[in-house]
Amino acid sequence: MQPNSSSVSPSPIQHESISIDLTDNRSHTIVGLSKRLEGLEAALAETQNTVKQLVSESPTGTGATAKLQSSHIWPTPEDNTPVAYEAPVFKRPSGHFLRGHDAEVSERYYGPASLESLLYDMRDLILEPLADSSSENPALKESALLAQHKFDLLLSQEEQTPRSGALPTTPPISILKAMIEPYFAEINPHFPIWSKESFTRHVAALQEAEHPGQDLARVVCSNNLILMALAANSLHPPPHPNKPRQSKAHRNTSTIDLDLTKGFLSNAKRAIEHAELLISPRLVNVQALLSLCVVAQEHMSISAFARLFNLASLCAKSIGLHDWESSARRRSGDEETRERQCVSYCLYVLDKEVCWAVGASPSIPMSDVNINLASSLPHDRSTSDLAMKARLAEIQEEIHKEIYALRAPARSEGQVRLLILKFNQKLQHWLAESSTDVEDTDNSTTPGSASKIEQSLGFACTQLLYLWPFGEHPDAACQRIEVARRCMRLLLYLWRSAVELGYQGVFPRIVASHPPLYLYEISAHLLAEEGQESDAELLQSFTEMLQSITDLREEDSYNRRLCEVSGILTDVITALRTQRKRRKTQHSPPLSLTAPMHTRRTSTYNSPPSDIHATNIETNSPLRAQENSQGTSNFSVTGFEPLLSPADSRAGGGSSGCSDDELATIMGGNLEKGPFESFDLLAYAGPQVSSRGESLAEKEMWWD
């Protein structure tokens with residue numbers, strides 16, 4: 001019988017083929033493992049070099065390098081000893097995509113420090129735990145769910161851009177001439193877009209032109225100057241406590257101003273529709289677009305602000321604006337050179353504000369701008385203050401590159417510590433570079449002290465930019481809440497002193513120019529039940545301030561949305577505080593078993609301020625309302641302590657703290673009248689208008 005074919009043993013040739021295949025597979029496996037090992041060794045060596053480079057570039061220099069070398073043994077590719085490494089755990093903060101009802105038509109990215117991105121974080125990280133875990137308190141849970149719903153409505157709002165198609169009209173020359181003096185006295189020094197001499201020439205050119213409406217740039221500049229001057233009159237900081245409040249009849253005298261403001265704002269919107277007509281290379285076109293940016297930042301949506309800035313930046317580059325020193329050699333007059341320098345600085349500062357508000361990368365890098373502090377004249381305080389803002393914008397640009405940019409690397413705890421140290425030192429150098437005498441704080445309402453307060457605010461907000469992303473880092477966690485409180489207190493301090501310090505016309509723009517990380521931090525602290533009682537009062541005062549400056553602003557304006565967010569958070573925090581009070585009431589012993597309450601008479605003179613504060617909270621005394629956190633005695637900024645920490649008035653009086661009204665009393669002055677209220681708009685034309693009726697008819701015909 002022949003053997004079955006299926007049981008035939010392989011031939012020698014087949015054995016040889018199988019052995020070759022096995023050998024090839026082993027070879028490929030060995031080669032693959034070898035390449036992977038080489039890759040790991042190369043990555044390890046690169047990590048070692050990167051750490052050494054960071055240490056060598058740090059301010060501690062050689063000392064830190066020696067410390068690292070003495071405490072760590074860096075392995076070589078030949079060293080097979082297993083070593084434990086600290087893995088990078090701190091990554092760049094991420095932004096959010098905001099999609100409209102039709103995602104194919106409307107989709108927008110917002111960076112992590114923008115208000116829209118913070119809304120997502122507050123909804124998902126702060127409010128969501130309250131909505132999920134507060135079943136034992138239905139009222140708090142309902143408040144958190146309602147807040148989430150309101151946040152969703154805010155995020156789903158789409159920008160409304162009605163188009164009329166009409167060009168902006170030339171404003172009445174009589175109103176324009178009347179507004180020049182108050183504008184250049186109160187507003188332009190804080191953000192010098194024009195010089196008074198050049199703007200006067202623009203007005204003369206409009207008067208002499210046969211068809212003034214054809215010069216669109218001068219029409220836009222004139223309209224926006226009037227609008228910015230009139231808008232300041234619609235703001236009413238809290239009156240001085242020792243002054244009587246205005247009567248209703250007196251307050252109603254500004255209704256004409258408000259109607260005029262709406263008319264000039266509508267004219268500015270028509271100019272925005274045709275902003276593309278202003279990109280031809282002329283300095284006056286850059287100034288027209290820059291003034292539209294400032295108007296949009298206060299009155300319109302953040303998207304309109306960003307679009308206008310992109311056009312202004314493009315036009316400025318086309319005329320070589322930022323190389324103002326080279327242009328000075330070709331021009332005989334210093335006036336135009338100074339004007340170009342100021343416009344260059346204004347654009348560079350606005351570039352960083354757009355960067356934080358929207359999340360876009362800076363479009364004007366520091367390498368393209370010549371910031372020369374030595375070129376500022378000693379008596380020209382507005383230019384020197386603007387140059388210091390540009391210097392601070394340089395630091396913010398570097399913060400964005402190191403922490404927020406798309407290619408920002410993940411860092412270990414030690415690398416984050418070195419990064420925080422580096423930016424702390426840069427800010428300290430910026431303070432030292434400032435020409436402001438921080439020790440001269442005897443008179444807190446002088447123009448010099450105003451720039452100190454604004455510099456202190458910029459310092460604190462910039463500090464929060466590089467502390468906030470590293471919330472779990474031990475060096476940043478303990479500082480963030482204190483810096484956030486400082487930011488909010490300084491804003492309230494500026495608001496209550498706005499009239500005396502000359503900041504009434506520019507205060508809304510100051511609020512919109514800083515990312516609201518301070519609001520996120522304080523709200524998160526309170527909702528986690530880690531905040532102090534004074535934090536809730538601070539947030540309440542901040543919300544009331546926002547309501548005061550946004551009553552007449554557009555619904556989608558930045559400050560209006562910020563006000564709505566702050567109000568929503570305040571409602572949730574109020575519900576949480578109510579729950580806490582009920583919990584304390586339920587668990588507290590009967591009144592007869594508790595120690596007798598300390599009276600105001602026994603605690604004011606014999607206890608230090610900290611003891612008074614503790615006593616008032618423990619006894620649930622009405623004195624708590626007077627112990628206001630909005631004073632400036634609980635916080636400090638390096639170099640600004642004399643300004644921000646007035647003498648404690650509690651030692652010899654009956655109050656338990658320096659309240660906001662008391663702070664205003666210490667400062668003195670009249671908080672009752674705005675900088676433009678002394679000017680009667682109904683009689684602005686003098687001999688040019690024969691009667692009150694003709695004046696009103698001219699205004700009515702103009703904006704209709």
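How many residues does helix H4 have, and what distance does H4 reach from its first C-alpha to its last? Helix H4 (residues 138-156) has 19 residues and reaches 27 Å between these two atoms, close to the 27 Å expected at 1.5 Å a residue. The expected span of a helix is defined as 1.5 Å times one less than its number of residues.

The structure is a predicted model, in which local features need pLDDT of at least 70 and side-chain atom pairs count only at pLDDT 80 or more, while totals for chains, interfaces and linings use all residues. Residues are numbered from 1 along each chain as its sequence is written, and side-chain values use heavy atoms, with hydrogens and water left out.

The protein chain contains 28 helices and 2 strands. Both kinds of element are DSSP runs numbered from the N terminus, with at least four residues (H or I) for a helix and at least two (E) for a strand. Of the 704 residues in the chain, 50% are buried. Here, buried means under 20% relative accessible area, exposed means over 50%, and partly exposed lies in between, with a 1.4 Å probe and protein chains only. The chain exposes about 34,300 Å², of which carbon and sulfur atoms supply 53%; accessible areas come from the Shrake-Rupley method with a 1.4 Å probe, and for residues only the protein chains shown count as cover. Among contacts (heavy atoms within 4.5 Å) between residues at least 6 apart in sequence, 75% join residues at least 24 apart.

The buried residues of H4 are Leu-140, Ser-143, Ala-144, Ala-147, Gln-148, Phe-151, Leu-154 and Leu-155. Seen down the axis of H4, these residues fall within an arc of 140°, so they line one face of the helix. The arc is that of the directions from the helix axis to the C-beta atoms. The face turned away from this buried side carries the exposed residues Pro-138 and Glu-142.

The 19 residues of helix H9 (residues 255-273) should span 27 Å at 1.5 Å a residue, and the end C-alpha atoms of H9 are 28 Å apart, which agrees. The buried residues of H9 include Leu-260, Phe-264, Leu-265 and Ile-272, and also Asp-257, Arg-270 and Glu-273. For helix H14 (residues 381-404), 24 residues should span 34 Å, and the separation of 33 Å between the end C-alpha atoms agrees with this value. Because 17 of its 24 residues are buried, H14 is largely enclosed by the rest of the structure.

Strand S1 (residues 96-99) and strand S2 (residues 107-110) pair in the antiparallel sense over 4 bridges; two strands pair if DSSP finds at least two bridges between them. The covered face of S1 holds His-96 and Leu-98, whereas Phe-97 and Arg-99 lie on the uncovered one. The bridge partner of Phe-97 in S2 is Tyr-109.

In soluble globular proteins, nonpolar side chains tend to be buried together. A nonpolar core is a set of buried Ala, Val, Leu, Ile, Met, Phe, Trp, Tyr and Cys residues joined through side-chain atoms within 4.5 Å. The largest such core has 165 residues, and those with the most contacts inside it are Leu-347 and Tyr-518. Helix H13 (residues 334-358) gives the largest share of this core, 13 residues. Beyond its neighbours within four places in sequence, Tyr-518 is in contact with Leu-464, Ala-484, Cys-487, Met-488, Leu-491, Phe-542 and Leu-562.

Phe-309, in helix H11 (residues 302-318), is buried, with a relative accessible area of 1%. Phe-309 and Leu-347 are 38 residues apart along the chain, and their C-alpha atoms are separated by 8.1 Å. Not counting residues up to four places away in sequence, Phe-309 touches several residues, among them Leu-347, Val-354, Ile-364 and Cys-293. Cys-293 lies in helix H10 (residues 283-299) and is buried, with a relative accessible area of 0%.

Ser-566, in helix H22 (residues 558-587), is likewise buried, with a relative accessible area of 0%. Apart from residues up to four places away in sequence, Ser-566 touches Leu-519, Leu-539, Phe-542, Thr-543 and Leu-546.

Most residues other than glycine have a negative phi. Glu-529, although not a glycine, has a positive phi of about 60°. Glu-529 is found in the loop between helix H20 (517-527) and helix H21 (533-550), and counts as partly exposed at 39% relative accessibility.
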